[in-house]
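Biologist: Thanks for sitting down with me over this one. Shall we go through it together?

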Amino acid sequence: MANGVTWFEVAGKDREALKGFYSQLFDWKLNDMEEMPYTGVEASDDGIPGGIGQAPDGHPGHVIFYVSVDDVDATLKEVESLGGKAEMGPVEIPVGRIAHFSDPEGHVLGLWQSA
């Protein structure tokens, strides 16, 4: 079975402003997380769940989608063997591990491994 897209993320300089923008524009239902400065976006009937986060200082932010994998480390090695590049992580998060990579053309995607 192919690996599915399981999460999307929008991160920017002003998380509160982004929350207001997207919740009004798309009527997204938002839930702030206590464990970290992050806001979950509930999945709609025809969509996937996601999140709105705060970009680190000095970072412009990003829009990214995450693909579910069994092993983030092994997948990053495969990324590099296929001409891609590891960009971030792996990083432990409360629900598993994540990493970012770029494909051979420079597009950045995320990997997610369940806890």
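This is a predicted model: local features need pLDDT of at least 70, side-chain atom pairs count only at pLDDT 80 or more; totals for chains, interfaces and linings use all residues.

Biologist: Nice. Which residues do salt bridges with shared partners join into one network?

Modeller: Two of the links can be given in detail. Arg15 and Glu16 meet at 4.0 Å, N to O, while Lys19 and Asp32 meet at 2.9 Å. Lys19 lies in helix H1 and Asp32 in strand S2, so that pair ties together parts 13 residues apart in sequence. Salt bridges that share partners make one network of Arg15, Glu16, Lys19 and Asp32.

Biologist: And Asp27, is that residue buried or exposed?

Modeller: Asp27 sits in the loop between helix H1 and strand S2, and its phi is near 60°, a positive value in a residue other than glycine. Its relative accessibility is 54%, and because the cut-off is over 50%, Asp27 counts as exposed.

Biologist: Good to know! Which residues form a nonpolar patch on the surface?

Modeller: One member lies in the loop between strands S3 and S4; this is Ile48, partly exposed at 33% relative accessibility. Together the members have about 220 Å² of accessible area, and they are Val5, Ile48 and Phe65.

Biologist: Last one: where is the cis peptide bond?

Modeller: Look in strand S6, residues 85-93, which holds Pro90. Omega is about 10° for this bond, which joins Gly89 and Pro90.

Definitions and conventions. Residues are numbered from 1 along each chain as its sequence is written. Side-chain values use heavy atoms; hydrogens and water are left out. Helices (H or I, at least four residues) and strands (E, at least two) are DSSP runs, numbered from the N terminus. Buried means under 20% relative accessible area, exposed over 50%, partly exposed in between (1.4 Å probe, protein chains only). Patches are made of residues with over 30% relative accessible area and no salt bridge: like charges are joined within 9 Å, nonpolar side chains (Val, Leu, Ile, Met, Phe, Trp, Tyr) within 5 Å. Accessible areas come from the Shrake-Rupley method with a 1.4 Å probe; for residues, only the protein chains shown count as cover. A salt bridge is a side-chain nitrogen of Lys or Arg within 4 Å of a carboxyl oxygen of Asp or Glu.
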